[in-house]
2 protein chains.
Amino acid sequence: MSTSTSSMSVEKQFMPENRVQQVELLNSINDLHGGVVVNIEQPMDSKAFSPLLRASISQWRQQGKRGVWIKLPIEHANLVEAAVKEGFRYHHAEPDYLMLVCWLPETTDTIPQNASHRVGVGAFVMNNQREVLVVQENSGKFKGTGVWKLPTGVVNEGEDLCTSVIREVKEETGVETEFIEVLAFRQSHKSFFGKSDLLCICMLQPRTFDIEKQDLEIEAAQWMPIDDYAAQPFIQKQELFNFVAKICLSKSDRNYVGFSPLATTTASGKTSYLYFNNQNMKHLVTSDNQQ
Amino acid sequence: MSTSTSSMSVEKQFMPENRVQQVELLNSINDLHGGVVVNIEQPMDSKAFSPLLRASISQWRQQGKRGVWIKLPIEHANLVEAAVKEGFRYHHAEPDYLMLVCWLPETTDTIPQNASHRVGVGAFVMNNQREVLVVQENSGKFKGTGVWKLPTGVVNEGEDLCTSVIREVKEETGVETEFIEVLAFRQSHKSFFGKSDLLCICMLQPRTFDIEKQDLEIEAAQWMPIDDYAAQPFIQKQELFNFVAKICLSKSDRNYVGFSPLATTTASGKTSYLYFNNQNMKHLVTSDNQQ
């Protein structure tokens, strides 16, 4: 990383004499943690970017700034190398941008980590004949195994868990459902590019029963007697699947209580769902927030 | 993106006549979903990389490949721009690498999404005097508010939830604990760089009681009567905090059941924790997997 001195000499080289005191710097905004965020919005030549970045770092150091964030839209991929050369590392990326970060002080880096988990959903949907909605997938590790499994999917960014699982069931099987409970969840690691996975097994109540399977991901879909589902050798052999099947059986006998969603609103008007055991909290959910 | 024709002309330009049939291509390995993964491990000039990538894309297209992944270590940041110019977009990034992806067929893109959630933990630790372990933070939105809150933290990549919360309590307060249950969890959106957040409120049993607070993030820590904690105006005003406090109170009266962890092992020897209501499943947990 450049020192204050070398940054000044670069500035002099690029600035007219009478503007040395008004050094051109990257626009930045302060964050809540003593750092700054730079949004690169206009195209820039990497040769012009490097000295600007060096001069800005020098100034942020003098100001005692801590974490410096650069958000680089993918159109400005030409600036990635220059930022890395000035000491920045990657923090995270989305399809349309790359976020780089640099910790300026000598103290321990307290830069928050990147998103670490995918949240998945598995749907336990049972009709009045104790038949459970199951699918066979046409790609991935279950392809061609003949295993009938619960419909599963991934929660989209910004999507509520309880909405997501209804969407996945509808997409994969055409069946419409209502969310009842999270029955259990499993955390596993190194599931996908080193990331962890949190899979929530949810119970849904079917509202329609005709199956119209999606062709892209689903080989077959059917209503299957729950005992046949649980008796499949694959389910029996895998400790986790076996246990989840038992929880589903227990739920089907109505003697299991999972976590139900409750919409809560923050002071700023944001809605978040809280999932909890509402059988043990009925006195509170029905009262008007009196303790 | 280049066509097959233009890619061949580039190859001819760079290859000796007698090697036209042995076109140099990027090394790649097949994935489980009909795609390929390229790991760039050696330094390369971006001028050499572009034609190689174009020729490789041409070949993968002919082979009917679908998603193409390029894993670019940060040392090779010089190649980012070239990959983007050939039609690649960002998929995700970690401190030391950037993953780019390109979907070759005309069909709908089924590229899995990036990790979308951070998993947080909040610790409800109560001693025999019905005092709960609380902290004041010295940065972030609670800084200087005087609010006493439950210790919270973020689950590291690859870390088990039930280990993470014990670590956070120890780091912030010096108190050693044992994991009991997940009492509830909350999903919220746009918490951090547009990502979602899944906060698990966990009950822990204290094993030690002397507080030794961490200075970096924690302003103060203490054991506080649970009723005083719940009565704080901030907790009363925020619907979510208020509700969580009620769940904690309910748990402290021993009439609330959350989700307990059970370690399960996959056929490949990977251990994953399943969290579920074990009060309703006692007959199964204690039996030897008989249904």
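## Burial, cores and salt bridges in a predicted model

Of the 291 residues of chain A, 53% count as buried, where buried means under 20% relative accessible area, exposed over 50%, and partly exposed in between (1.4 Å probe, protein chains only). This is a predicted model, in which local features need pLDDT of at least 70 and side-chain atom pairs count only at pLDDT 80 or more, while totals for chains, interfaces and linings use all residues. Residues are numbered from 1 along each chain as its sequence is written, chains are lettered from A and ligands numbered from 1 in the order in which they are written, and side-chain values use heavy atoms, with hydrogens and water left out.

### Chain A: overall make-up

Chain A has eight helices and 13 strands; helices (H or I, at least four residues) and strands (E, at least two) are DSSP runs numbered from the N terminus. Contact is defined as heavy atoms within 4.5 Å. Among the contacts in chain A that join residues at least 6 apart in sequence, 60% are between residues at least 24 apart.

The UniProt record, an unreviewed entry, annotates residues 116-248 of chain A as "domain: Nudix hydrolase". UniProt positions are given in the numbering used here, feature names are shortened, and annotations may be inferred rather than shown by experiment. Over residues 116-248, chain A is 26% helix and 41% strand, with 28 Å between the end C-alpha atoms.

### Helix 4 of chain A

Helix 4 of chain A (residues 161-173) has 13 residues and spans 18 Å from its first C-alpha to its last, close to the 18 Å expected at 1.5 Å a residue. The expected span is 1.5 Å times one less than the number of residues. The buried residues of this helix are A:L161, A:C162, A:S164, A:V165, A:E168, A:V169, A:E172 and A:T173. Seen down the axis of helix 4 of chain A, these buried residues fall within an arc of 160°, so they line one face of the helix; the arc is that of the directions from the helix axis to the C-beta atoms. An α-helix has 3.6 residues a turn, so residues three or four places apart point the same way. Just after helix 4 of chain A, A:G174 takes a positive phi of about 80°.

### Nonpolar cores

A nonpolar core is a set of buried Ala, Val, Leu, Ile, Met, Phe, Trp, Tyr and Cys residues joined through side-chain atoms within 4.5 Å. The largest nonpolar core has 98 residues, and A:V182 and B:V182 have the most contacts inside it. Apart from neighbours within four places in sequence, A:V182 is in contact with A:L161, A:C200, A:I201, A:C202, A:G258, A:F259, A:Y275, B:F185 and B:F259. A second, separate core of 52 residues includes A:L52, A:L72, B:L26 and B:L52. In soluble globular proteins, nonpolar side chains tend to be buried together.

### Salt bridges

Over all chains, the structure holds 30 salt bridges. A salt bridge is a side-chain nitrogen of Lys or Arg within 4 Å of a carboxyl oxygen of Asp or Glu. Three of these pairs are listed below.

| A:D109 | A:R89 | 3.7 Å |

In the salt bridge of A:D109 with A:R89, A:D109 lies in the loop between strand 5 (97-103) and strand 6 (117-125) of chain A and A:R89 in strand 4 (residues 89-94), so the pair ties together parts that are 20 residues apart in sequence. A:D109 is partly exposed at 36% relative accessibility, and A:R89 is partly exposed at 23%.

B:D253 has a relative accessibility of 48% and counts as partly exposed; B:R130 is partly exposed at 33%.

In chain A, salt bridges that share partners join A:E159, A:R167, A:E168 and A:E171 into one network.

### Loop residues

B:R130 has a phi near 55°, a positive value in a residue other than glycine. Phi of A:R130 is likewise positive, near 55°. A:R130 sits in the loop between strand 6 and strand 7 (131-137) of chain A and is partly exposed at 32% relative accessibility.

A:E86 belongs to the loop between helix 3 (80-85) and strand 4 of chain A and is buried, with a relative accessible area of 8%. The C-alpha atoms of A:E86 and A:P51 are 9.7 Å apart, and the two residues are separated by 35 residues along the chain.
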